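Student: I'd like to learn how to read charged pairs and pockets in a protein model. Could you walk me through them?

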Amino acid sequence: MARIADLIAAGRTFSFEFFPPKSDMAQLTLGRTISELESLSPSFVSITYGAGGSTRQRTQQLVQWIRQETTINPMAHLTCQGHRRSEIFEILDSYASADVQNILALGGDAPADGSAEPSDYTYATDLLDDVLASGRFSVGVAAHPEVHPRSPSRESDRRFLAEKLRRADFAITQFFFEAEAYVRLVDELAALGVDKPVIPGIMPVTNKSQIERMAQLSGAAFPSWLAERLSTVDDPDDVRQVGVEVATELCARLLEAGAPGLHFYTLNRSTATREIYANLGLPVKG
Ligand SMILES: Cc1cc2nc3c(=O)[nH]c(=O)nc-3n(C[C@H](O)[C@H](O)[C@H](O)COP(=O)(O)OP(=O)(O)OC[C@H]3O[C@@H](n4cnc5c(N)ncnc54)[C@H](O)[C@@H]3O)c2cc1C
């Protein structure tokens, strides 16, 4: 198992994101996905963290299960939202005892139903400082190529991101569809004196209405050329095929531009990611 900072220093990383399943059926699907993706020898996988209660426990259980039962290196997401510092220290202790070595420190979002719990943290940097102070983890943060929806300006978005990334080991980006958005982000950080690794997040389109909704929520632009390409297909397999072609082109451009790795938002399915891997000629374990 390894710290992600060391893996990035040694070469490009290829990684996948999963979310904790909410039902027994979804759990079976994820189990199959993990076993199918294990053969791609990911550098690490990351597990998202929910808004509260039982979904948060499921994140911990899934991270620890992956650490113990597979050959894959897990990273746990953690958010500021609704957390006391004492709870964060307990969670960090439990990850350290399970030999989990990587944390993604995030702001999180208040639950849409207004049921937010009190929190000792406001911004991801506050949480980042506590995770770093524990001295036991390689720590990543989130970056938003097309600017975080709550940022009042591009300048303030980049300034706070630069501050965060100066302390963290690496960043992973929100998904986006134009390579220029990533290149511009990296250039803007460099202009602020920050050259820490920024791993682009890749979301292959597999469902037309779902991707438009997710893009709207995350602030990612949904370009007209992509809408046009998708307008020619309706069958789910055809939609996935277009999504895979588009994501393959994006990944190739990002690798050409010097990205330190690729992080795939899998939505707990393996097919699109495996197809992109094959298109890019990335190695697969025999
Ligand atoms: C790779 C990735 C993984 C994610 N995984 C999860 C997950 O597992 N669970 C989940 O709930 N969400 C997740 N998210 C979503 C994320 O929690 C939201 O986008 C959230 O709204 C912002 O998180 P952040 O870490 O960027 O927050 P922050 O860095 O705190 O930034 C949030 C906003 O506050 C501003 N800001 C930062 N610091 C300051 C300051 N000192 N003063 C004033 N303004 C400031 C920033 O510019 C930005 O506009 C993920 C996002 C990404 C990109």
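Student: Which side chain does Asp 129 meet in a salt bridge?

Tutor: Let's start with the general idea. Side chains of opposite charge can pair when their charged atoms come close. Keep in mind that this is a predicted model. Here the side chain of Asp 129 meets that of Arg 167, at 2.7 Å from N to O. The pair links distant parts of the chain, with Asp 129 in helix 5 and Arg 167 in helix 6, 38 residues apart. Asp 129 is partly exposed at 32% relative accessibility, and Arg 167 is partly exposed with a relative accessible area of 34%.

Student: What does Asp 130 form a salt bridge with?

Tutor: Its partner is Arg 85, and the closest N and O atoms are 2.7 Å apart.

Student: Is Asp 130 buried or exposed?

Tutor: Asp 130 is buried, with a relative accessible area of 9%. Arg 85, at 40% relative accessibility, counts as partly exposed.

Student: Where do Arg 150 and Asp 109 lie?

Tutor: These two form a salt bridge, with the closest N and O atoms 3.0 Å apart. Arg 150 lies in the loop between strand 5 (138-143) and helix 6 (154-167), and Asp 109 in the loop between strand 4 (102-106) and helix 5, so the pair ties together parts 41 residues apart in sequence. Arg 150 is exposed, at 58% relative accessible area, while Asp 109 is partly exposed, at 49%.

Student: How many salt bridges does a search of the whole structure find?

Tutor: The search finds 19. Some are joined up: Arg 154, Asp 157, Arg 158, Arg 184 and Glu 188 are linked in a network of salt bridges.

Student: Now for the pockets. How much space lies in the second largest pocket?

Tutor: Again, the idea first. Rolling a probe the size of a water molecule over the atoms shows where empty space is left. In this model, the second largest pocket holds about 450 Å³ of space. It is lined by 26 residues, and the closest to its centre are Thr 206, Thr 266, Leu 267, Asn 268 and Arg 269.

Student: Which helix supplies the largest share of that lining?

Tutor: Helix 2 does, with five residues. Helix 2 (24-38), helix 10 (236-256) and helix 11 (271-280) each supply at least two residues of the lining.

Note on methods: Residues are numbered from 1 along each chain as its sequence is written. This is a predicted model: local features need pLDDT of at least 70, side-chain atom pairs count only at pLDDT 80 or more; totals for chains, interfaces and linings use all residues. Side-chain values use heavy atoms; hydrogens and water are left out. A salt bridge is a side-chain nitrogen of Lys or Arg within 4 Å of a carboxyl oxygen of Asp or Glu. Buried means under 20% relative accessible area, exposed over 50%, partly exposed in between (1.4 Å probe, protein chains only). Helices (H or I, at least four residues) and strands (E, at least two) are DSSP runs, numbered from the N terminus. On a 1 Å grid over the protein atoms alone, a cavity is a set of points where a 1.4 Å probe fits but cannot get out, and a pocket is an open set with protein on both sides within 12 Å along at least five of seven lines; lining residues have an atom within 4 Å of a point. Grid points are joined across faces, edges and corners, and a volume is the space filled by probe spheres set on the points.
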